[in-house]
Amino acid sequence: MKKNRNKLMTGFVPGLIIPLVVFVLLYFFSKQEVSLSEYLQTLWQLGALLKILSLCVLPNLLLFLNFYRQKYDLAARGVIMATFVYAFAVMLVKVL
């Protein structure tokens, strides 16, 4: 059973999806009556979009720790890879 879940993609895919889900939940709980595109545009103009997206990656830490405790090393590595994808994307946007 452990071998079936201990795959790189088992951690990589949730590591990419969870921060997006957290961001959408933040949008729905923000109590603003604006569309998602207007919300994104406002955050971009305020310079807060990248900061909020960076904070949305924090739940990946819990996912990583869960995989690490279960000795799913490949899955934990996948979560780290997904986190680095977000980090590189933020760096790229800041440089450009």
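Where is the place of Ile-17? Ile-17 is in helix α2.

## Model and overall make-up

This is a predicted model, in which local features need pLDDT of at least 70, side-chain atom pairs count only at pLDDT 80 or more, and totals for chains, interfaces and linings use all residues. Residues are numbered from 1 along each chain as its sequence is written, and side-chain values use heavy atoms, with hydrogens and water left out.

The chain has six helices and zero strands; helices (H or I, at least four residues) and strands (E, at least two) are DSSP runs, numbered from the N terminus. Along the sequence the pattern reads α-α-α-α-α-α. The C-alpha trace spans about 45 × 30 × 15 Å along its principal axes. Of the 96 residues in the chain, 24% are buried. Buried stands for under 20% relative accessible area, exposed for over 50%, and partly exposed for values in between (1.4 Å probe, protein chains only).

The accessible surface of the chain comes to about 7,000 Å², and carbon and sulfur atoms hold 70% of that surface. Accessible areas come from the Shrake-Rupley method with a 1.4 Å probe; for residues, only the protein chains shown count as cover. Among contacts (heavy atoms within 4.5 Å) with a separation of 6 or more, 71% link residues 24 or more positions apart.

## Aromatic pairs

Six aromatic pairs are found in a search of the whole structure. Rings of Phe, Tyr and Trp (its six-membered ring) pair if their centres lie within 6.5 Å; planes under 30 degrees apart count as stacked, over 60 as edge-to-face and the rest as tilted. One of the pairs is Tyr-27 with Tyr-39, which is tilted, at 5.1 Å centre to centre and 55° between the planes. Because Tyr-27 lies in helix α2 (residues 8-28) and Tyr-39 in helix α3 (residues 36-46), this pair ties together parts that are 12 residues apart in sequence. Tyr-27 is buried at a relative accessible area of 13%, and Tyr-39 is buried at 9%.

Phe-67 and Tyr-72 make another tilted pair, with 6.2 Å centre to centre and 45° between the planes. Phe-67 counts as buried at 8% relative accessibility, and Tyr-72 counts as buried at 8%.

## Phe-23 and its cluster

Phe-23, Tyr-27, Phe-28 and Tyr-39 belong to one aromatic cluster. Phe-23 lies in helix α2 and is buried, with a relative accessible area of 7%. Leaving aside residues up to four places away in sequence, Phe-23 touches Tyr-39, Leu-40, Leu-43, Leu-49, Ile-52, Leu-53 and Cys-56. From C-alpha to C-alpha, Phe-23 and Leu-62 are 16 Å apart in space, and they are 39 residues apart in sequence.

Pro-14 lies in helix α2 and is partly exposed at 23% relative accessibility. Not counting residues up to four places away in sequence, Pro-14 touches Met-9, Pro-19, Asn-60 and Leu-63. Asn-60 sits in helix α5 (residues 59-69) and is buried, with a relative accessible area of 3%. With the same exclusion of residues up to four places away in sequence, the contacts of Asn-60 are Pro-14, Gly-15, Ile-18, Pro-19, Val-79 and Thr-83.

Helix α6 (residues 73-95) has 23 residues and reaches 33 Å from its first C-alpha to its last, close to the expected 33 Å. The expected span is 1.5 Å times one less than the number of residues. The buried residues of α6 are Ala-75, Ala-76, Gly-78, Val-79, Ala-82, Tyr-86 and Val-90. The C-alpha atom of Gly-78 is separated by 8.9 Å from that of Pro-14, 64 residues apart along the chain.

Met-9, Val-13, Ile-17, Val-21, Leu-25 and Phe-29 form a nonpolar surface patch, with about 580 Å² of accessible area together. Patches are made of residues with over 30% relative accessible area and no salt bridge; like charges are joined within 9 Å, and nonpolar side chains (Val, Leu, Ile, Met, Phe, Trp, Tyr) within 5 Å. A salt bridge is a side-chain nitrogen of Lys or Arg within 4 Å of a carboxyl oxygen of Asp or Glu. Ile-17 is partly exposed at 45% relative accessibility. An α-helix has 3.6 residues a turn, so residues three or four places apart point the same way.

Lys-71 is in the loop between α5 and α6 and is exposed, with a relative accessible area of 57%. Phi of Lys-71 is near 65°, a positive value in a residue other than glycine. Most residues other than glycine have a negative phi.
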